Amino acid sequence: MNLDLYTTLRVAVDAGVARITLDNPPVNVLSGTMIRELHDVLGALEDDDSVRVIVFSSADPEFFLAHVDIHILDEMDDLQAIADRNPDANLFQGVGELLRHQPQVTIVKLAGTARAGGAEFVAAADMTFAVRETAGIGQSEVLMGIVPGGGGTQYLRERVGRNRALELLLTGDLVDADTAAAYGWINRAVPAAELDAFVDQVAERIAALSPRLIGAAKRLVPPTDLSDGLRAENDAWAELVSGDLPARLMAGALEHGAQTPAGERDLESVMRRVAADL
């Protein structure tokens with residue numbers, strides 16, 4: 001694994017813990033390049049018994065993963081080879097399924113915002129610990145006139161239950177860390193001053209265990225088989241995203257600053273203004 005080849009990830013491995021920093025400025029969108037690099041690094045780590053825990057964080061304290069890159073729909077043909085690696089999931093769902101089936105324990109350290117594909121990434125990881133004061137998470141695809149296409153409908157239902165999943169899917173609201181923890185979307189909210197030490201302690205305690213013990217625990221608490229639900233989600237997403245309204249909403253989002261720090265800070269309000277103007 002040549003760590004110098006990555007352009008959107010920074011990877012460091014020490015004492016059984018791989019720390020992967022997501023670094024795709026200006027707002028850490030989940031781009032085609034990042035998807036390729038995540039497949040590469042997780043594939044390389046899969047058979048590495050010396051690594052027992054993978055911790056994901058962001059180079060940008062304000063944005064963990066803003067969402068999937070709006071421009072990625074123009075790259076789909078070039079990304080087909082990546083999508084074909086998992087016949088039971090589409091390109092976006094494939095990222096979450098990689099995380100859910102990774103043999104190592106996967107932990108997200110969430111200091112900033114994770115919307116849409118970013119929220120799906122958070123829900124797919126084994127554990128998430130978030131900063132009480134600044135973290136926010138939202139399954140916001142409805143603001144673009146679509147349903148989630150990266151596993152969000154299935155991951156949310158499993159994490160928070162049907163009633164809360166429908167609330168989060170249909171409002172697109174960005175919720176704070178305490179609410180996300182109360183709903184079961186993340187493990188817990190932690191004060192900002194304590195997050196690094198807390199996550200390090202969790203990661204190091206798990207990394208001190210034998211690979212066989214970690215593997216046994218993950219086999220005994222396996223990820224649910226969501227294949228049918230993921231196929232249904234993909235079909236619904238594909239039908240909606242090919243329509244006229246999502247294209248207009250996405251174009252309007254970009255015109256009003258989406259994928260820039262200023263536009264992403266209050267994306268929900270931006271998108272409601274865009275929708276009102278259509």
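Student: In this predicted model, is R157 buried, partly exposed or exposed?

Tutor: R157 is found in helix α5. Its relative accessibility is 47%. Buried means under 20% and exposed means over 50%, so at 47% R157 counts as partly exposed.

Student: What is the C-alpha to C-alpha distance between R157 and L169?

Tutor: R157 and L169 are 12 residues apart in sequence. In space, C-alpha to C-alpha, the separation of R157 and L169 is 10.0 Å.

Student: Is the packing of α4 and α5 parallel, perpendicular or oblique?

Tutor: Helix α4 covers residues 117-124 and helix α5 covers residues 152-160, with axes 9 Å apart and an angle of about 45°. Roughly parallel needs an angle under 35 degrees, and roughly perpendicular runs from 65 to 115. The angle therefore makes α4, relative to α5, oblique.

Student: Is the crossing of α4 and α5 left-handed or right-handed, and which residues of α5 make the contact?

Tutor: The crossing of α4 and α5 is left-handed. On the α4 side, the contact is made by E120, V122, A123 and A124. The residues of the contact divide into four nonpolar, one polar and two charged. On the α5 side, the contributors are G152, Y155 and R159.

Student: How many of the eight residues of α4 are buried?

Tutor: The buried residues in α4 are G117, G118, A119, E120, F121, V122, A123 and A124. Helix α4 is therefore largely enclosed by the rest of the structure, the number of its residues that are buried being eight of the eight.

Student: How many nonpolar residues does the contact of α1 with α3 have?

Tutor: The crossing of α1 and α3 is left-handed. Its contact is made by I35, L38, H39 and L42 of α1 together with L91, F92, V95, L98 and L99 of α3. By class, the contact has no charged residues, one polar, and a nonpolar count of eight.

Student: What radius of gyration does the protein have, and what would a compact globule have?

Tutor: The C-alpha atoms fill a box of roughly 55 × 40 × 40 Å along the principal axes. For 278 residues, a compact globule would have a radius of gyration near 19 Å. The protein agrees with this, at 18 Å.

Student: What percentage of the residues in the protein is buried?

Tutor: The protein has 13 helices and 10 strands. Of its 278 residues, the buried share is 52%.

Terms used. Residues numbered from 1 in each chain as written. Predicted model: local features only at pLDDT ≥ 70, side-chain atom pairs only at ≥ 80, totals over all residues. Heavy atoms only, no water. Axes fitted to C-alpha atoms, helices over the stretch in contact; angles between N-to-C directions. Helix = DSSP H or I, 4+ residues; strand = E, 2+ residues; numbered from the N terminus. Parallel < 35°, antiparallel > 145°, perpendicular 65-115°, else oblique. Left-handed = near helix turned anticlockwise from the far one by under 90°. Contact = heavy atoms within 4.5 Å. Nonpolar A, V, L, I, M, F, W, Y, C, P; charged D, E, K, R; others polar. Rg over C-alpha atoms; globule rule 2.2 N^0.38 Å. Buried < 20%, exposed > 50% of the residue type's maximum accessible area, 1.4 Å probe, protein only.
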